[in-house]
Amino acid sequence: MITMPTIMRESVLLEPDCVRILDRRVFPFETTFVTCKTVEDVAVAIEEMVTQSGGPFYAASAGMVLAAREAAKLKSASERLGSMQKDGARLVATRATNNHIAHVIAQLLKDAKSLVLDGDRFLSDFEARVQEIWAAKRQTARNLGEYGGRVIEDGDTVLTHCWAESTIVETAAAALRMGKKFQFYCSETRPYLQGARLTAHSLAEMGIEVTVITDNMGAHAMSLGKISRLMTAADRVSMSGHVINKVGTLQHALSANHFGLPYFAMVQTPDKSAKTAADVPMEDRDPQESLHCLGLRTASPLAKGWYPAFDVTPPHLVSGVVTSRGIFSAFDLGNYFNTDKA
């Protein structure tokens, strides 16, 4: 039986009086939770990187349960809906580039429009709806993992960058179920070291051999034949096949292309609202974050910082896009996803 990692089992916990979010800034050295009593608490936790990658999807939707609990105290349906719309807008504003939050909030607000009409069952029905959305999200991740597992070949050494959440976990789990033997190299992913902490720890918990390298070792590792393929998640993939992911993905993709290695990007579905990468807002974070690592300053006090959180990998560097519906060419996404039903 495959052991699912801690960060997947305990990422966001919805409690009767609060939301508890696993603090990824200190995990796995400490397993602590940030307790959020209000929507504002959840929003600040997301902004301050208590959770990231796929975590904000669950944190934001759990935050909407807190919003519903407050809205349920109001008398009229219009007051309840107005309160939830305000809270939803606050949560959407927390992160710009990854659109998982915006999508789930839009869905929940759409559901709330009908649910608020029933004051007696509003809260219970809304919480049940959140649980349904969570279950569907997990199933979609498992579907993607089945396709991702096919990409990994027996004996592979896979380089991955940053923390790919359920995408990498379900892909690895599927490959293990297929009986494949493989190992991972994880780039550290400064300044939060998500690769060194979250990815490496989670894959190791699954019984997979993991090696951590610094962010500037990828090309050298490829030149020595230590890497057989590159696989990363994507915060978004545009319909033009551009991959928007944690900054540093582009340099690994360029190196893979130079050494003739395949690069597969993994995303549950391309973003039909983004025709090209230019349609995706790119988040610049506080430059001070580049001058520190895990709470310690690592740069000269005389230096300034710059922290673009994401970069763009063009489609000619992408061997394929792994989705919950199959594996597609980065140049051909429109034929499969650019329809009203897709």
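**The core and its surroundings**

Modeller: Gladly, and please keep in mind that this is a predicted model. In the largest nonpolar core, which has 37 residues, the members that touch the most others are Val 19, Val 42, Met 64, Met 84, Ile 105, Phe 122 and Phe 126.

Colleague: Which elements give two or more residues to this core?

Modeller: Those elements are strand E2 (19-22) together with H2, H3, H4, H5 and H6, and the largest share, 11 residues, comes from H3.

Colleague: What is Ile 105 in contact with, leaving aside its neighbours within four places in sequence?

Modeller: With those neighbours set aside, Ile 105 is in contact with Ala 60, Met 64, Gly 88, Leu 91 and Val 92. Apart from this core lies another one, of 27 residues, and Ala 164, Phe 184, Met 206 and Met 231 are among them.

Colleague: Back to H5, then. Which of its residues are buried?

Modeller: The buried residues of H5 are Ile 101, Val 104, Ile 105, Leu 108, Leu 109, Asp 111, Ala 112 and Leu 115. Looking down the axis of H5, you would find these buried residues within an arc of 165 degrees, so they line one face of the helix.

Colleague: Changing topic: is Thr 160 buried or exposed?

Modeller: Thr 160, which has its place in strand E4 (residues 157-161), is buried, with a relative accessible area of 1%. Leaving aside neighbours within four places in sequence, its contacts include Ile 168, Phe 184, Tyr 185 and Met 231. Thr 160 and Tyr 185 are 25 residues apart in sequence, while their C-alpha atoms are 6.4 Å apart in space.

Colleague: How many helices and strands are there in the protein?

Modeller: The protein has 11 helices and 15 strands, and 52% of its 342 residues count as buried. Its radius of gyration is 20 Å, which agrees with the value near 20 Å that a compact globule of 342 residues would have.

Notes. Residues are numbered from 1 along each chain as its sequence is written. This is a predicted model: local features need pLDDT of at least 70, side-chain atom pairs count only at pLDDT 80 or more; totals for chains, interfaces and linings use all residues. Side-chain values use heavy atoms; hydrogens and water are left out. Buried means under 20% relative accessible area, exposed over 50%, partly exposed in between (1.4 Å probe, protein chains only). Helices (H or I, at least four residues) and strands (E, at least two) are DSSP runs, numbered from the N terminus. The arc is that of the directions from the helix axis to the C-beta atoms. The radius of gyration is taken over C-alpha atoms; the globule rule is 2.2 Å times the number of residues to the power 0.38. A nonpolar core is a set of buried Ala, Val, Leu, Ile, Met, Phe, Trp, Tyr and Cys residues joined through side-chain atoms within 4.5 Å. Contact means heavy atoms within 4.5 Å.
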